[in-house]
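Work through the exercises below with the sequence and the model side by side. Each task is followed by a solution in steps.

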Amino acid sequence: MNLKEFLLDDSIKNRTLKSVYQLIHEQGPISKVELLQMTKLKQTTLVRMLEELIEAKMIYESGFGKSSGGRPPVLYKIVPNRSNLIGIDISRTHITVMILDLTFTVIEKHSFPMSNTHTPNFVIQEIIRIIQDMMENHNLSIYEIIGIGIGSVGPIDRKEGRILTPESFPAQGWHNVSIVKQLKEAFPVKIVLENGANTAAIGEHWKTQNDNKHMLYTISGVGLRCGMLMNGKVVQNNTGDASSFGHMIIDMNGRNCSCGKQGCLLAYISYDAMIKRLTEIVQAGSHTVILDWVHGNMEKITFQHLVDAAKLEDPVLNELLKETAIYYGIGIANIINTLHPEHVILSGPLLFEHKTYFNEVVEQAKKYIYPYEEQKVTFSKGILKEDAVAVGAAIYAFQSFFD
Ligand SMILES: [Zn+2]
């Protein structure tokens, strides 16, 4: 039996078998007794199903568990390389494409930065080429790819598989991009599209063994994207837009935002906003290492310069981050006060690269969380870091076979 056909077979007869496979996937290594308790199946039925799954090389006997007096129980696990998944991260700064096995371990990945020449067509052709190369490297045919998950900047149309009208892409043409349709022509497999902030949350949820059922995942960079899990399930808003959080007003008479309004959070914490503020600081007489890198031409500063200066603990950038952390903390606290997550992941290159920026944002947020003592919200940078969106997208694609 082909795994892809098995996963796509939604007949009543196959559904129970799929749920046993899913349990072994999630909980393995797992014993027959544990499976009996969880599935409430008759022992003879379960034994027959386990034999069938072993015969089809979808699961295997991975060893023995602890004995409770008699013979130690046989443990079952899924066969990880029975098939593969592709995960794709589409952001305004970079594209990441990866191939994963069925335990969601990354086998190979490639990333490239986005520029003003990276139109949708160009990017999609690059993605296709990378996937084909990776399949060749690992000797995989299309029958060994069960699905592709895309985590993208929103808003998106999940049903039609389209990226709608995302803001601030560096190249032209990122409107109504039928990405699923175009990829499907090259790879006729199940392809799902979800907001990248949500897929990142899915990825972290899996990696933390399903702790943190109520989780907020934020990605800061060009924009601020927020994904949310409630009861372990991703919250899918109507438009698949996760960027609107950045346009919450934190000062009604504040700085001008790219959206035309005043005082949006984004006008204080986005890369563009930080570059603008850095220009003001430099014009007032301070010196930053970035100035040397761009030979004094402030218009040449890019987000990568900010990230590189953060690594070096440049004093002017340190000051800028301290100031930015206040606004960021207020924004995050506002979201926490609305959605009440138990865990918050703050991700983004500056948070990863700068030693204290993350701590400063957290300290600021704690001042405004109401009431902090009772919410007991915890913060981290996540486990998957820059891989979170693509890994989570692949997991989302896999999970879509069981809905
Ligand atoms: Zn705005």
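**Exercise 1.** Which residues line the second largest cavity?

*Solution.* The model is a predicted one, in which local features need pLDDT of at least 70, side-chain atom pairs count only at pLDDT 80 or more, and totals for chains, interfaces and linings use all residues. Numbering starts from 1 along each chain as its sequence is written, and side-chain values use heavy atoms, with hydrogens and water left out.

Step 1. Read off the lining: Q22, H25, E26, F104, W206, F398, Q399 and F402.

Step 2. Helix 2 gives the most, with three residues.

Step 3. Sort by class, with Ala, Val, Leu, Ile, Met, Phe, Trp, Tyr, Cys and Pro as nonpolar, Asp, Glu, Lys and Arg as charged, and the others, Gly among them, as polar. The lining of the second largest cavity has four nonpolar, three polar and one charged residues.

Step 4. Compare with the domains, whose bounds come from an automatic or database domain assignment. Domain 1 (3–78) and domain 2 (84–208 + 387–402) each give at least three residues to the lining of the second largest cavity.

**Exercise 2.** How many cavities of 30 Å³ or more are there, and what lines the largest cavity?

*Solution.* Step 1. Volume here is the space filled by probe spheres set on the grid points, which are joined across faces, edges and corners. The count is three cavities of 30 Å³ or more.

Step 1. The largest cavity holds about 60 Å³, and the second largest cavity about 40 Å³.

Step 2. S220, G221, I269, Y271, Y328, L350 and Y357 line the largest cavity. Five of these residues are nonpolar and two polar, with no charged residues.

**Exercise 3.** Which residues are closest to the centre of the largest pocket?

*Solution.* Step 1. A pocket is an open set of points with protein on both sides within 12 Å along at least five of seven lines. The largest pocket has a volume of about 720 Å³.

Step 1. This pocket is lined by 35 residues, and T93, H94, G348, P349 and E386 are the closest to its centre. Among the elements that give two or more residues to the lining are strand 5 (94–101), strand 6 (106–113) and helix 11 (303–311).

Step 2. By class, the lining of the largest pocket has 15 nonpolar, eleven polar and nine charged residues. At least three residues come from each of domain 2 (84–208 + 387–402) and domain 3 (215–382).

**Exercise 4.** Which helix supplies the largest share of the lining of the second largest pocket?

*Solution.* Step 1. The second largest pocket has a volume of about 450 Å³. Of its 17 lining residues, H205, G232, K233, V234 and Q399 are the closest to the centre.

Step 1. Helix 2, helix 7 (196–207), strand 13 and helix 16 each supply at least two residues. Helix 7 has the largest share, three residues.

Step 2. The lining of the second largest pocket divides into six nonpolar, seven polar and four charged residues.

**Exercise 5.** Which strands stand at the edges of the five-stranded sheet?

*Solution.* Step 1. Two strands pair if DSSP finds at least two bridges between them. The sheet is open, with the order 13-12-11-14-15 and mixed pairing.

Step 1. Strand 13 (233–234) and strand 15 (378–380) each have a single partner strand, so one side of each is left without a neighbour in the sheet.

Step 2. Strand 14 (residues 343–347) pairs with strand 15 in the parallel sense over three bridges; V344 has F379 as its bridge partner in strand 15.

**Exercise 6.** What is the strand order of the three-stranded sheet?

*Solution.* Step 1. The order is 1-3-2, in an open sheet with antiparallel pairing. Strand 1 (30–31) and strand 2 (59–64) are the edge strands, each pairing on one side only.

Step 1. Five bridges pair strand 2 with strand 3 (residues 74–78), and F64 stands opposite V74. Strand 1 is joined to strand 3 by two bridges, and S31 has L75 as its bridge partner.

Notes:
Helices (H or I, at least four residues) and strands (E, at least two) are DSSP runs, numbered from the N terminus. On a 1 Å grid over the protein atoms alone, a cavity is a set of points where a 1.4 Å probe fits but cannot get out, and a pocket is an open set with protein on both sides within 12 Å along at least five of seven lines; lining residues have an atom within 4 Å of a point.
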